[in-house]
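Colleague: Could you take me through this model? I shall ask as we go along.
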Amino acid sequence: ETMPLNVTINGVKQSVRIEPRVTLLDLLRERLQLTGTKKGCDHGQCGACTVHIDGERVNACLTLAVTTEGRDVTTIEGLAKGDELHPMQEAFLEHDGFQCGYCTPGQIMSAICCIREGHADTPDEIREYMSGNICRCGAYSNIVDAIMDVKQ
Ligand code: FES
C-alpha cells in the first residue's frame, strides 16, 4: 500500500506515492536518483546520509519519507548555485577536507548546521558537533579547519 507524499527537495516540488516504510534516504537515492547523499551504515551511526529538513540536520536513513510531507529537504545537490559552489564546499576543497570523499556530502551538510546553530566557536566545539559524522580516512583536522575558515 502506498501513500501520497508532497515534499520540496532542493527547491523542486515532488509529488510521489511511496510505501510508509520507505526512508528518506531510499526516496532520495533510489526513487529520485539524488545519489549525492550516501548510505554508509543505514543505522544512524555514520552520518553519511545527513541532509537538512527545514534547515535542520537529520540522518536520512532514520527518517521515514512520509514524515517530510509539506517540508523542505536540502541535499548536497541543492547547495551550489549554478556553477558557484557553496562556501562550505569551497572550504572543503581548499583545506583538503576529504580523501575518498564518501563521507563528504554528509560532513558538509553537518558542517553548515554546525555554524548555523552556533557550535563553531572552537575546534573542540566543532569536533563535538561533528562527532556523528565518521570519516574512515581520518580527515578530521582538515574538516575542522574548513569549518573554522567559513566561520570567519
Ligand atoms: Fe545514515 Fe549511516 S547511513 S547514519
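Colleague: What covers the buried residues of H1?
Modeller: This is a predicted model, and in it the cover over the buried residues of H1 includes E2. Helix H1 spans residues 24-31, and Leu 24, Leu 25, Leu 27 and Leu 28 are buried in it.

Colleague: What happens just after H1?
Modeller: Gln 33 follows there, with a positive phi of about 55°.

Colleague: Back to E2: how many of its residues are buried?
Modeller: The count is zero among the seven residues of strand E2, residues 12-18, so this strand is hardly covered, although E2 is part of what covers the buried residues of H1.

Colleague: How does E1 run relative to E2, parallel or antiparallel?
Modeller: Antiparallel: strand E1, residues 3-9, is joined to E2 by seven bridges. Within that pairing, Val 7 stands opposite Gln 14 of E2.

Colleague: And how many residues lie between the strands of that hairpin?
Modeller: Two residues lie between E1 and E2, and in this hairpin Asn 10 has a positive phi near 50°.

Colleague: What is the strand order in the sheet?
Modeller: The order is E2-E1-E5-E3-E4, an open sheet of five strands with mixed pairing. E2 and E4 are the edge strands, each with a single partner, so one side of each has no neighbour in the sheet. Direction ignored, neighbouring strands are turned by 40° against each other on average.

Colleague: How many bridges join E3 to E5?
Modeller: Two bridges, and the strands run antiparallel; E5 covers residues 72-74. Ile 53 has Val 73 in E5 as its bridge partner.

Colleague: Which strands does H3 touch?
Modeller: H3 packs on the sheet and touches E3 and E4, with its direction at about 45° to that of E3.

Colleague: Let us turn to the whole chain. How many helices and strands are there?
Modeller: There are five helices and five strands. Along the sequence they follow the pattern β-β-α-β-β-β-α-α-α-α. The radius of gyration is 15 Å, close to the 15 Å given by the globule rule for 152 residues, so the chain is as compact as a globular protein of that length.

Colleague: What box do the C-alpha atoms fill?
Modeller: Taken along the principal axes, the box is roughly 45 × 30 × 25 Å. Of the 152 residues, 38% count as buried. Among contacts between residues at least 6 apart in sequence, 57% join residues at least 24 apart.

Colleague: Where are the domain bounds?
Modeller: Domain 1 covers 3-78 and domain 2 covers 87-151. Their C-alpha centres lie 21 Å apart. Domain 1 brings 13 residues to the contact and domain 2 brings eleven residues.

Colleague: Which strands supply the side of domain 1 that touches domain 2?
Modeller: E3 and E4 each supply at least two residues of that side. E3 gives the most, with three residues. By class, this side of domain 1 has five nonpolar, five polar and three charged residues.

Colleague: A change of topic: where is Asp 54, and is it buried or exposed?
Modeller: Asp 54 sits in the loop between strand E3 (50-53) and strand E4 (56-59). Asp 54 is exposed, because 12 other C-beta atoms lie within 10 Å and a residue with 12 or fewer counts as exposed. Its phi is near 45°, a positive value in a residue other than glycine.

Colleague: And Asp 96, where does that lie?
Modeller: Asp 96 is in the loop between helix H2 (87-94) and helix H3 (104-116). Although Asp 96 is not a glycine, it has a positive phi of about 50°. With 13 other C-beta atoms within 10 Å, Asp 96 is partly exposed.

Colleague: Lastly, what is Ile 134 in contact with?
Modeller: Leaving aside neighbours within four places in sequence, Ile 134 is in contact with Cys 46, Gly 47 and Cys 103. Ile 134 lies in the loop between helix H4 (123-129) and helix H5 (140-151).

Colleague: Why does Ile 134 count as partly exposed?
Modeller: Ile 134 has 16 C-beta neighbours inside 10 Å, whereas a buried residue needs 20 or more and an exposed one has 12 or fewer.

Colleague: How far apart are Ile 134 and Ala 120?
Modeller: They are 14 residues apart in sequence and 18 Å apart in space, C-alpha to C-alpha.

Notes:
Residues are numbered from 1 along each chain as its sequence is written. This is a predicted model: local features need pLDDT of at least 70, side-chain atom pairs count only at pLDDT 80 or more; totals for chains, interfaces and linings use all residues. Helices (H or I, at least four residues) and strands (E, at least two) are DSSP runs, numbered from the N terminus. The radius of gyration is taken over C-alpha atoms; the globule rule is 2.2 Å times the number of residues to the power 0.38. Two residues are in contact if their C-beta atoms, placed from the backbone, lie within 7 Å. Two strands pair if DSSP finds at least two bridges between them. Domain bounds come from an automatic or database domain assignment. Ala, Val, Leu, Ile, Met, Phe, Trp, Tyr, Cys and Pro count as nonpolar, Asp, Glu, Lys and Arg as charged, and the others, Gly among them, as polar. Axes are lines fitted to C-alpha atoms, for helices over the stretch in contact, and angles run from 0 to 180 degrees between N-to-C directions.
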